[in-house]
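Biologist: I'm new to this model. Please walk me through it, starting with how the copies meet.

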Number of protein chains: 4
Amino acid sequence: MRIVFRPQATRAQIDRVEKLLQQLRFRYRRSQTADGTVIGVVGDTALLTERHVQDMPGVALVAPFTVPYKQASREYSPSSTVVQVGPVRIGGSDVVVMAGPCSVESHEGLFAVARRVKAAGASILRGGAFKPRTSPYSFQGLGREGLELLRAASDATGMVVVTEVMDTRHVDLVAQYADILQIGARNVQNFDLLREVGASGKPVLLKRGLMTTIEEYLLCAEYILATGNEQVMLCERGIRTFETVTRNTLDVCAVPVIHRLSHLPILVDPSHATGEWRYVLPMARAAVAAGADGLMIEVHPDPANAFSDGPQSLTPEHFDQLMREVAPMAGALGRKLDRVPIRSRGDGA
Amino acid sequence: MRIVFRPQATRAQIDRVEKLLQQLRFRYRRSQTADGTVIGVVGDTALLTERHVQDMPGVALVAPFTVPYKQASREYSPSSTVVQVGPVRIGGSDVVVMAGPCSVESHEGLFAVARRVKAAGASILRGGAFKPRTSPYSFQGLGREGLELLRAASDATGMVVVTEVMDTRHVDLVAQYADILQIGARNVQNFDLLREVGASGKPVLLKRGLMTTIEEYLLCAEYILATGNEQVMLCERGIRTFETVTRNTLDVCAVPVIHRLSHLPILVDPSHATGEWRYVLPMARAAVAAGADGLMIEVHPDPANAFSDGPQSLTPEHFDQLMREVAPMAGALGRKLDRVPIRSRGDGA
Amino acid sequence: MRIVFRPQATRAQIDRVEKLLQQLRFRYRRSQTADGTVIGVVGDTALLTERHVQDMPGVALVAPFTVPYKQASREYSPSSTVVQVGPVRIGGSDVVVMAGPCSVESHEGLFAVARRVKAAGASILRGGAFKPRTSPYSFQGLGREGLELLRAASDATGMVVVTEVMDTRHVDLVAQYADILQIGARNVQNFDLLREVGASGKPVLLKRGLMTTIEEYLLCAEYILATGNEQVMLCERGIRTFETVTRNTLDVCAVPVIHRLSHLPILVDPSHATGEWRYVLPMARAAVAAGADGLMIEVHPDPANAFSDGPQSLTPEHFDQLMREVAPMAGALGRKLDRVPIRSRGDGA
Amino acid sequence: MRIVFRPQATRAQIDRVEKLLQQLRFRYRRSQTADGTVIGVVGDTALLTERHVQDMPGVALVAPFTVPYKQASREYSPSSTVVQVGPVRIGGSDVVVMAGPCSVESHEGLFAVARRVKAAGASILRGGAFKPRTSPYSFQGLGREGLELLRAASDATGMVVVTEVMDTRHVDLVAQYADILQIGARNVQNFDLLREVGASGKPVLLKRGLMTTIEEYLLCAEYILATGNEQVMLCERGIRTFETVTRNTLDVCAVPVIHRLSHLPILVDPSHATGEWRYVLPMARAAVAAGADGLMIEVHPDPANAFSDGPQSLTPEHFDQLMREVAPMAGALGRKLDRVPIRSRGDGA
């Protein structure tokens, strides 16, 4: 349900409605739009009818949601959500870059990459400690040891850490070490896991599944939001199509579509989408040009010898180039790369 | 690695190799083919080379697997796997039918459906106690109470019970009540869950994901097999394509493809694939005609008032018709519906 | 627009409406259903309102079509269309089999295959004279010479001939030799070609495109029907999906879906769909079990040396087996293979 | 076959090889790369072996193509193709914009749009005279009258004209009026039409099909190139996937992939891909950021009343905004919009 106020509604009128919502213990969010105030409400909205909210002074309209995902919708919150994680703001005017290796493999490698990507302008360190691998015979990640390394590397560099959690039984463990809990594409509809990361209270990065429609995807986000945890970030990482020249097909248009349908930040991971490092740069530029709130990029000091996903990992040098090329795209949209001074011009494609 | 014996290899020669595999604590399976004996082996196969197995008397060939899924492959076991659950054999000459409501809703409804589908020839009762629902606001299942009802209905009718488990933390609970643990399409690559149901030792019905290639699907089965649990059944339930006139596209050809690549039984669920009851009958016939080892069918006493998936549920009357129509298809392939005497002819389409 | 008559409408009442439609030069079709007579009408239906058809005696309802494809819809003609080509009836109680080589290559090869498939029960000879090849460097067909060979082989065996036409400029030429004009999957939305084969007055076999939804497909049929040519047959031949273990994914469910939405016959081509001969047999069985009105099968005397599509071609021996396996599936549905006596039982899978 | 010369090969050595190719009437193309000269050759390359070309002075390597599309490949021509149409160069350093209405509807509307898009920086006028419509009952275009209007509007504004041809019998007619012949997505594998537009000698804009892989797409281009017509431009316009929130999924990554595999220019049509005007702007930015050589944009003076595709058409005002937003993206890559002075900064998203 959303409550739309008249443009001339007074602050006192709006406050009165808000107070009622608090008394009735509704979950709600208040947004200021060009046309006035809107309050999105979830809960047993029959109560609102009972209390005649639509006849309260200042109220123009009380309307049900037209989409099934409610709390994830722009109808609930016309104002965009900004997720604050330590000093980093995701969903605001900055384009935020998460970078690091696919898997955490060693202390030296991780620290080296963390320093390099930090220097190039990344503010969030990514790396896998628990790895979802297609084959049971592939490297499955370092587990707790990987988490410890990630925490140490992030503390050393002043970065924020994001890492994946795959099992409800590991949420507490991962939450001890990570600043952001990542749900991978294969678990996007692992509903128990969504509830559990929601309940952890930690910021969540929810990656889109390979075959998740955008409506389904926003309903997955709704599972987390429904726990009361509002710190949800989305991430397009390629969908599965008939085309096999790239690993998946990056649905760049998901960025403006999600910005229209939802208030949640939307990032893009061109590394997993393309599966090949040489396409990561142009797709990172395209993502930022389309309005993405951030990027997630795999960087490895020695891609040829990575334990996983080497072919899609950038070298630190290529990552430097990516940051230089992406900066003017952000600048053209009036945004900037988090912590990166916008340089005069990229080095070309 | 598979060890292929010469056609004229003696029993003693084969036993000697098998004994060595036991001593070295390998996991292996022995199959008899028209051309002789084959033993599939997984584990540290370098040991086999070290012990010069390929020079042992009777051995024709020691060859690595050509596919990544090893233990799920026909190379590992040329003989088809038959999973025995109570009195029911899945993967043998009978076509086995699992039937019941999408969700367990009430004692009366469940018992009524169980009796009806049992009478029509189904030997396995299906029903959801934990439901994976796209929206957090949809009915999520009765949980433990649903499990109790399923057990009671199955005990009353002498049926075997299959039900879904969605969370690693629920595997023990569900295993107390169910005879077969089902992994749903959305959890097909929930690797921790696969390991956990594998470790439970219970037979597992693993449904194909909407986006899972057959190679990936067999690798998911491999996660379970790799725990030592060999009682794995597969189930095609429709894949996601561009076509929207049906909910998903039933990949009937997955049946002969999986029979060629793997020794595991493959069932078909036309209810979820089509999403519409009127297509369930012809697709059930097609599945059996293509060689499916079984069917999984949703039946509800009053589909219009089902808590979930009503439009795809058959009435008990339609289910009777399905069983009559499917029987001659099985018969034409020299199979029969489990417990169903083959009647003279189906009632037509 | 469809005109539904009351169950008790008299013949005279119905004839009066039909006479009016003739005077006004409407295209229409009259069907007898269990509930009475229905006349489907296309043209400027405002005239029907003007002439107060809905107030005429015996008329229960005059309703617009609810689907965009009108003349191809079941609403237009509740009675199924049977296309008669020489002695062969497609869409009736028989299951009709079209068989022959992918490309016409030589006199000997073609005649040998024609005799074999005829003997096994096929009534229609297929073969390509103009071939749509993905690469310009592949064999493109024998053209006119191929047409002459097809005609001769068909005259020698008493079979009906179907062959593909790819270019509006070739319609007259192909129509001189062939009994049925085939439109290939890649030309399903070549609208000028659809109009031209429609105008030829010849029966048309319209294959579904790899990317064509069923609604779009029926609209393609509508292009032909709109020329006044009612002899249209449909053919499912696999759609393109993410799965690559088979060439395409045979959408078996298209058979009952099209039977519900349209009155046109629907055949299935498992050869192109699977791309591999060993899956052709089970998919042929599945297609007939799902209710297909016919099959289109590639047969080559020496598949390993075929100029095109060898891997998917059956040998004549395998084709014999296919006919034996498919016959009981047809029999179970109360149908029979055209010209094939139903034998006691298939040889199994 | 490609002939790679040693870095130190002399001009005379290279000329000698080229002269031989001319004598033998080969089709070939000479490119200068950073590592030296490469000549791509198609034809009966056994002759090159016979004449011992690989032993000629200066020649480092004579190697077969590793891809099936030969003349469309980067191996044939490491240098990018620039298509010159009147004053417009496509594939060079400028980003070229084609704009205009979906269908030509009237003199006034067309001239008004042509003047507006010209003023905003478009150099090529697009508009449909022959329209491929899903339904036979939809507006099918003005035909010859539409062509006359397009020519007149283009002469009046000094623009180049591109329009679609759908039938081999219309190629001569359309070629009389248009500067560039467009092959639409549905005809991408209409091989007779490809040969015919190739033979016309006119520049060709070949749109990708909704389900054409990039390899198949380059083979379609090869059909045109194989006629000797080298003026081929490619255009990504969205592929069909499971996602339905947009009409198709724009495969932005096709841009860098095609730039890597082929020397042909690649444009992007975000209007047809998204089907909704509000997503055209961000996708145009993304396309240019990914390196597209041009854009194709639908503009209509009154989208709500367009005969076709209104929802995806921009108003002239939105088109002005698009050009302002896209310019800095091109600038960041060291390119400029054809005829558009790069302004200081876009107006944001």
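Biologist: What share of the interface residues of chain D are also interface residues in chain A?
Modeller: 100% of them, so the copies meet through the same surface. Keep in mind that this is a predicted model: local features need pLDDT of at least 70, side-chain atom pairs count only at pLDDT 80 or more, and totals for chains, interfaces and linings use all residues. Residues are numbered from 1 along each chain as its sequence is written, while chains are lettered from A and ligands numbered from 1 in the order in which they are written.

Biologist: How many residues of chain D are in contact with chain A?
Modeller: 36 residues of chain D, against 37 residues of chain A. Two residues are in contact if their C-beta atoms, placed from the backbone, lie within 7 Å.

Biologist: Which helix gives the most to that side of chain D?
Modeller: α10(D) does, with six residues. Helices here are DSSP runs (H or I, at least four residues), strands are runs of E of at least two, and both are numbered from the N terminus.

Biologist: And what is the side of chain D that touches chain A made of, by class?
Modeller: It has 22 nonpolar, 10 polar and four charged residues. Ala, Val, Leu, Ile, Met, Phe, Trp, Tyr, Cys and Pro count as nonpolar, Asp, Glu, Lys and Arg as charged, and the others, Gly among them, as polar.

Biologist: Now chain C. How many of its residues are in contact with chain A?
Modeller: Four residues of chain C, with four residues of chain A. By class, that side of chain C has one nonpolar, two polar and one charged residues.

Biologist: What rotation superposes chain C on chain A?
Modeller: One of 180 degrees, with 0.0 Å of shift along its axis and an RMSD of 0.0 Å. In chain C, the C-alpha nearest the axis is that of C:Phe242, 2.3 Å from it.

Biologist: How many residues are in the largest nonpolar core?
Modeller: 423. Such a core is a set of buried Ala, Val, Leu, Ile, Met, Phe, Trp, Tyr and Cys residues joined through C-beta atoms within 7 Å. C:Val252 is one of the members that touch the most other members. Leaving out residues up to four places away in sequence, C:Val252 touches residues of chains B and C, among them B:Leu250, B:Met283 and C:Ala286.

Biologist: What do the buried residues of α8(B) pack against?
Modeller: In chain B, α7 (214-225), β12 (232-236), β13 (266-268) and α10 (277-289), together with α10 (277-289) of chain C. Six of the eight residues of α8(B) are buried. B:Pro256 and B:His259 are among them.

Biologist: Where is C:Phe65 found?
Modeller: In the loop between β4 (59-63) and β5 (83-85) of chain C. C:Phe65 counts as partly exposed, with 17 C-beta neighbours inside 10 Å. The C-alpha atoms of C:Phe65 and C:Arg2 are separated by 6.9 Å, though they are 63 residues apart along the chain.

Biologist: Last one. Which domains is chain A divided into?
Modeller: Domain 1 (2-64) and domain 2 (83-337). The bounds come from an automatic or database domain assignment. Their C-alpha centres lie 36 Å apart.

How values were computed. Least-squares fit on C-alpha atoms with pLDDT ≥ 70 in both. Buried ≥ 20, exposed ≤ 12 C-beta atoms within 10 Å, placed from the backbone.
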